[in-house]
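Here are my comments on the model you sent. Please read them with the structure open.

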Amino acid sequence: RRADLPRSRHGRPLTEEVQRTLRVKLIRDTCTSDMVASLYAVSRRTLHRYLKAEGGTFRQVANEVRCEIACTLLAETDLTLSQIAEILNYSEVSAFTRAFRRWAGQPPSVWRSSHHEWAGRSRRRRA
C-alpha cells in the first residue's frame, strides 16, 4: 500500500497529470477513468481514491478539462457549436449546450459573443 499519492516525475499532483492526459485524449477519442487509470498502472478504484484525496473526482476533472477546451475553441476559433460538440465527443449539440451551461452559467453562443470579441481585439492589438 502506498503512503503517498503518486506524482509525476516533475512532482505534480495526480490531478494535474490527469488533466494533462485528458487535454490530449478527450480531443482524440472518448476517454474513460479505466483508460486513464491504466496509463498510470493503477486500478480505476485506486485512481478515484487518489483524486478524492486531492479533493476531486474523475468526472469533475474531466468536466473541467472539457470546459477549458470548449472555452478555448469558442474564443479562439470560428468552429461551429456542432464541430466543437463533435471534438469533445458529445452525441448532439444540445448535450454539449446543456453541459456548457452548467459549467459557465450561460449558453456557449452567449459566452462566445462576449469572449470572442475580446479575443479578436487582443489578437488585433498584437499584430
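Predicted model: local features only at pLDDT ≥ 70, side-chain atom pairs only at ≥ 80, totals over all residues.

The points below go from the whole chain to single residues.

1. The chain has seven helices and zero strands. From the N terminus on, the order of elements is α-α-α-α-α-α-α.

2. Burial and surface. Of the 127 residues in the chain, 38% count as buried. The chain exposes about 8200 Å². Carbon and sulfur atoms supply 48% of that area.

3. Aromatic pairs. How many aromatic pairs does a search of the whole structure find? The search finds five. One of them is F100 with W111. Their ring centres are 6.0 Å apart and their planes stand at 75 degrees, so this pair is edge-to-face. The cut-off for that class is over 60 degrees.

4. Where that pair sits. F100 belongs to helix α6, residues 93–104. W111 belongs to helix α7, residues 108–126.

5. F100 has 0% relative accessibility, so it counts as buried. W111 has a relative accessible area of 11% and is buried as well. The cut-off for buried is under 20%.

6. The ring cluster. Which residues do ring pairs link into a cluster? They are Y90, F96, F100, W103 and W111. F96 and F100 are also among the buried residues of α6.

7. Helix α6 itself. It has twelve residues. From first C-alpha to last, α6 reaches 16 Å, close to the 16 Å expected at 1.5 Å a residue. Its buried residues are A95, F96, T97, A99 and F100. An α-helix has 3.6 residues a turn, so residues three or four places apart point the same way. After α6 comes G105, with a positive phi near 80 degrees.

8. R44. Is R44 buried or partly exposed? Its relative accessibility is 41%, so R44 counts as partly exposed. R44 lies in helix α3, residues 44–53. Leaving aside residues up to four places away in sequence, R44 touches S33, D34 and A37. With D34 there is also a side-chain polar contact of 3.4 Å.

9. R44 and F58. These two residues are 14 residues apart in sequence. In space, their C-alpha atoms are 9.7 Å apart.

Technical notes: Residues numbered from 1 in each chain as written. Heavy atoms only, no water. Phe/Tyr/Trp six-rings, centres within 6.5 Å; stacked < 30°, edge-to-face > 60°. Helix = DSSP H or I, 4+ residues; strand = E, 2+ residues; numbered from the N terminus. Buried < 20%, exposed > 50% of the residue type's maximum accessible area, 1.4 Å probe, protein only. Expected span 1.5 Å × (residues − 1). Contact = heavy atoms within 4.5 Å. Polar contact = N/O pair within 3.5 Å; in protein donor to acceptor, adjacent residues only side chain to side chain. Areas by Shrake-Rupley, 256 points an atom, 1.4 Å probe, with all protein chains shown as cover.
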